[in-house]
Amino acid sequence: MGYTLNFSAVWRSFDQLLWGLALSLGLAFVAIAIGCVLGLITAFGLLSKQGALRHPARIYVTIIRNTPILVLVLFTFFALPQLGIRLGKIESFVATLALYSGAYLAEVFRGGLLAVPNGLKEAGLAIGLTQAQIRNSIVMPLMLRNVLPSLSSTLISLFKDTSLAAAIAVPELTFEARKINVESFRVIETWIVASCLYVATCSVLAALLRQLEQRMSIPR
């Protein structure tokens, strides 16, 4: 076809890709931190016997999980200002990603809470622990151990989802790669390097999270 690979233009702007990669990681970590809080609160709401807590939690999970994340991103950034709610590009995307992850993590945490044996809770009551002490000292630590693999997968998925921030001009990795592509016309080279950065980062994250899972696993 006569196309010759030439990575020189990409290497000259490689620092832009690294800055974009750093921002992508930051967006993912902040979003999952907020998402964990939202997900845990929603999980307790889903398990509540009170309809006033259970129904709003179920509506939130249903709406967010059944709406494409790109639609959520565009709605938050473009539609909310029409209602008087104005957020910056980064804040808007983090809020969207946190709401999105919170809805998925709510079901993860719900499953983790249900997986804690009732016998352990009864044992806590038998030795005089209060409900709050049982929740904080027994239920929560065991639940977190149970859901850690799912949390790891969610973090990696969120990191890849940060590429959607390019749709609202957040200067993360995909946005920077697209800018280099437009300026240099080196389409193949730009996206090869960007893809390699995504793959390498996901691989490192997966390896680190596997080590964390092994350290926190319950000895058998």
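User: Which residues line the largest cavity?

Analyst: This is a predicted model, in which local features need pLDDT of at least 70 and side-chain atom pairs count only at pLDDT 80 or more, while totals for chains, interfaces and linings use all residues. Residues are numbered from 1 along each chain as its sequence is written, and side-chain values use heavy atoms, with hydrogens and water left out. On a 1 Å grid over the protein atoms alone, a cavity is a set of points where a 1.4 Å probe fits but cannot get out, a pocket is an open set with protein on both sides within 12 Å along at least five of seven lines, and lining residues have an atom within 4 Å of a point. The lining of the largest cavity consists of Thr76, Phe77, Leu80, Pro81, Ile85, Arg86, Leu87 and Ser92.

User: What volume does the largest cavity have?

Analyst: Grid points are joined across faces, edges and corners, and a volume is the space filled by probe spheres set on the points. By this rule one cavity of 30 Å³ or more is counted. The volume of the largest cavity is about 30 Å³.

User: Which helix gives the most to the lining of the largest pocket?

Analyst: The largest pocket has a volume of about 330 Å³, and its lining includes Phe44, Leu47, Ser48, Gln131, Ile134, Arg135 and Val139. The elements that give two or more residues to this lining are H2, helix H5 (89-115), helix H6 (118-126) and H7, where helices (H or I, at least four residues) and strands (E, at least two) are DSSP runs numbered from the N terminus. With four residues, the helix that gives the most is H7.

User: At which residue does H7 bend?

Analyst: Helix H7 (residues 131-161) has 31 residues, yet its end C-alpha atoms are only 38 Å apart, short of the 45 Å that a straight helix would reach at 1.5 Å a residue; the expected span is 1.5 Å times one less than the number of residues. The bend at a residue is the angle between axes fitted to the seven residues ending there and the seven starting there. In H7 this bend is about 50 degrees, with a proline, Pro149, following within four residues, and the residue at which H7 bends is Val147.

User: Which residues does Ser24 contact, leaving aside its neighbours within four places in sequence?

Analyst: Ser24 lies in helix H2 and has a relative accessible area of 0%, so Ser24 is buried. Its contacts, with those neighbours left aside, are Phe159, Thr162, Glu172 and Leu173.

User: Which helices do the buried residues of H8 pack against?

Analyst: Helix H8 (residues 173-184) reaches 16 Å from its first C-alpha to its last, close to the 16 Å expected at 1.5 Å a residue. Its buried residues are Leu173, Thr174, Phe175, Glu176, Ala177, Ile180 and Asn181. The helices they pack against are H1 (8-12), H2 (14-47) and H9 (187-216).

How values were computed:
Buried means under 20% relative accessible area, exposed over 50%, partly exposed in between (1.4 Å probe, protein chains only). Contact means heavy atoms within 4.5 Å.
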